[in-house]
Amino acid sequence: MRTNGMLYTRIDGPLGAMLLVGRAGGDGRVALRSLSLEGQKGGTEVEEGWVRADAAFEEIAGQLGAYFAGERDGFDIPYDETYGTEFQRRVWRALEEIPYGTTVSYGEIAGRVGSSGAGVRAVGTAIGRNPLLVVRPCHRVIGADGSLRGYAAGLARKQALLELERGAKGNSGA
């Protein structure tokens, strides 16, 4: 059986079931390729030949558990960066620079990646294709008027993540 090197696991969290997909790295850690939430628009589905490897994802699952408990404000997870266009990867890197517990507008992200003006729509599309929900914080991007806009896993989950971060940030004194 060919696996194409893809491993996966399913874990439960406060936002529902999560599907984690990645590849084993040379250092023994899994390079995360996708984190999808149940019912997510465009979420990853397990493909034939992939291997369920729950133990391989223990480190990532532990970091997610600490994040959801308000004990962690970032992730130390290697990502599988072999997918997406160069533009998408630039946008996704910009997402990783948004501080915990804060929000920025789509226009601000567009400016950071040199795609202001009409490029805001392209930035929104790239953000919508972020394969690493939660760990690559696209939930921190909101409309210019402060309203919640677009989230592949639903606006209720986006709101829950923002409230979690605001509450944890306030509780930790950070």
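Is Tyr67 buried or exposed? Tyr67 counts as buried because its relative accessibility is 0%. Here buried means under 20% relative accessible area, exposed means over 50%, and partly exposed lies in between (1.4 Å probe, protein chains only).

This is a predicted model: local features need pLDDT of at least 70, side-chain atom pairs count only at pLDDT 80 or more, and totals for chains, interfaces and linings use all residues. Residues are numbered from 1 along each chain as its sequence is written, and side-chain values use heavy atoms, with hydrogens and water left out.

Four strands form an open sheet in the order 3-2-1-4, and the pairing is mixed. Strand 3 (30-37) and strand 4 (51-52) are the edge strands, each pairing on one side only. Helices (H or I, at least four residues) and strands (E, at least two) are DSSP runs, numbered from the N terminus. Two strands pair if DSSP finds at least two bridges between them.

Strand 1 (residues 6-13) runs antiparallel to strand 2, with eight bridges. A hairpin of two residues links strand 1 to strand 2. Asp12 faces Ala17 in strand 2. Strand 2 (residues 16-24) is joined to strand 3 by seven bridges, again antiparallel. There, Met18 has Leu37 of strand 3 as its bridge partner. Strand 1 and strand 4 are parallel and share two bridges. Leu7 stands opposite Val51 in strand 4.

**Aromatic rings**

The structure has four aromatic pairs. Rings of Phe, Tyr and Trp (its six-membered ring) pair if their centres lie within 6.5 Å; planes under 30 degrees apart count as stacked, over 60 as edge-to-face and the rest as tilted. Two of the pairs are tabulated here.

| Pair | Centre to centre | Angle between planes | Class |
|---|---|---|---|
| Tyr67 and Phe75 | 5.3 Å | 45° | tilted |
| Tyr83 and Trp92 | 5.8 Å | 45° | tilted |

Phe75 counts as partly exposed, because its relative accessibility is 21%. Tyr83 is buried, at 10% relative accessible area. Trp92 is buried too, at 2%. Tyr67 and Phe75 also belong to one aromatic cluster with Phe68 and Tyr100.

Another ring meets a charge. Arg136 lies over the face of Tyr79, at 5.1 Å from the ring centre. A charge sits over a ring if NZ of Lys or CZ of Arg is within 6 Å of the ring centre and within 35 degrees of the ring normal.

**The cores**

In soluble globular proteins, nonpolar side chains tend to be buried together. A nonpolar core is a set of buried Ala, Val, Leu, Ile, Met, Phe, Trp, Tyr and Cys residues joined through side-chain atoms within 4.5 Å. The largest core here has 42 residues. Leu20, Leu32, Leu35, Leu64, Ile109, Ile127 and Val134 touch the most other members. Elements that each supply at least two residues of this core include strand 1, strand 2, strand 3, helix 1 (58-68) and helix 5 (155-172). Apart from this core lies another, of five residues, among them Met6, Tyr8, Val21 and Trp50.

Contact means heavy atoms within 4.5 Å. Not counting residues up to four places away in sequence, Val134 touches residues including Leu35, Leu64, Tyr67, Phe75 and Leu161.

**Around Leu133**

Where does Leu133 lie? Leu133 is in the loop between helix 4 and strand 6 (141-142). Leu133 is buried, because its relative accessible area is 1%. Leu133 and Leu35 are 98 residues apart in sequence, yet 5.6 Å apart in space, C-alpha to C-alpha. Leaving aside neighbours within four places in sequence, the contacts of Leu133 are Leu35, Leu37, Gln40, Cys138, Tyr151 and Ala153.
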